[in-house]
Amino acid sequence: MTPLEQTFTDELLRRLAVAAALGAAQPRLEADVRKFGGPACARRLLDRGRTSDGFAALADAGRLDLSLEALAAEGKYGALFTDDQVNACFAALCAAGYYAFGA
């Protein structure tokens, strides 16, 4: 695992722990991240056209900042994902109201 992949994985695990404390646990995703690494899990999920298991719960809690999608959309992780994968994250986040323009 590259240093960037490890940083992404560590940050995703930290966010998953905070989400779990808020009642939006994602045990299957956490297990997969520990086994395969965060970027590999994110790519597999995004390539299937799905959002992460806790996405809806995090949206309801107003905490999409803790989502895999928000992390993958951060510019510093751009090298880990294709444009299509990042665009899928942005689309899901926008559809859930994460980016509020003109508010």
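Student: Why does Ala61 count as partly exposed?

Tutor: Its relative accessibility is 49%. Buried means under 20% relative accessible area, exposed means over 50%, and partly exposed lies in between (1.4 Å probe, protein chains only). So Ala61 counts as partly exposed. This is a predicted model: local features need pLDDT of at least 70, side-chain atom pairs count only at pLDDT 80 or more, and totals for chains, interfaces and linings use all residues. Residues are numbered from 1 along each chain as its sequence is written, and side-chain values use heavy atoms, with hydrogens and water left out.

Student: Where is Ala61 found?

Tutor: In the loop between α4 (55–60) and α5 (68–72). Helices are DSSP runs (H or I, at least four residues), as are strands (E, at least two), numbered from the N terminus. The C-alpha atoms of Ala61 and Cys41 are separated by 23 Å, at 20 residues apart along the chain.

Student: What makes Phe55 buried?

Tutor: Phe55 lies in helix α4. Its relative accessibility is 8%, so Phe55 counts as buried. Phe55 touches Leu64, Ser67, Glu69, Ala92, Leu93 and Ala96, not counting residues up to four places away in sequence. A touch here is a contact, meaning heavy atoms within 4.5 Å.

Student: Why is α2 called oblique to α3?

Tutor: Helix α2 (residues 27–36) and helix α3 (residues 38–47) pack at about 125 degrees, with axes 7 Å apart. Axes are lines fitted to C-alpha atoms, for helices over the stretch in contact, and angles run from 0 to 180 degrees between N-to-C directions. Under 35 degrees is roughly parallel, over 145 roughly antiparallel, 65 to 115 roughly perpendicular, and the rest oblique. That makes α2 oblique to α3.

Student: Which residues meet there?

Tutor: Leu29, Asp32, Val33 and Phe36 in α2 meet Gly38, Ala40, Cys41 and Arg44 in α3. By class, this contact of α2 with α3 has 5 nonpolar, 1 polar and 2 charged residues. Ala, Val, Leu, Ile, Met, Phe, Trp, Tyr, Cys and Pro count as nonpolar, Asp, Glu, Lys and Arg as charged, and the others, Gly among them, as polar.

Student: What makes α3 roughly perpendicular to α6?

Tutor: The two pack at about 75 degrees, with their axes 10 Å apart. That angle makes α3 roughly perpendicular to α6. Arg43, Leu46 and Asp47 in α3 meet Gln85, Ala88 and Cys89 in α6.

Student: How do you know that Gln85 makes a polar contact with Asp47?

Tutor: Their side chains come to 2.9 Å. A polar contact is a pair of N or O atoms within 3.5 Å; within protein, one must be able to donate a hydrogen and the other to accept it, and residues adjacent in sequence count only if both atoms are side-chain atoms. Gln85 is in helix α6 (residues 83–95). With a relative accessible area of 4%, Gln85 is buried.

Student: Why is the pair of Phe8 and Tyr77 called edge-to-face?

Tutor: The centres are 5.1 Å apart, with 85 degrees between the planes. Rings of Phe, Tyr and Trp (its six-membered ring) pair if their centres lie within 6.5 Å; planes under 30 degrees apart are stacked, over 60 edge-to-face, and the rest tilted. Phe8 lies in helix α1 (residues 3–21) and Tyr77 in the loop between α5 and α6, so the pair ties together parts 69 residues apart in sequence. At 0% relative accessibility, Phe8 counts as buried.
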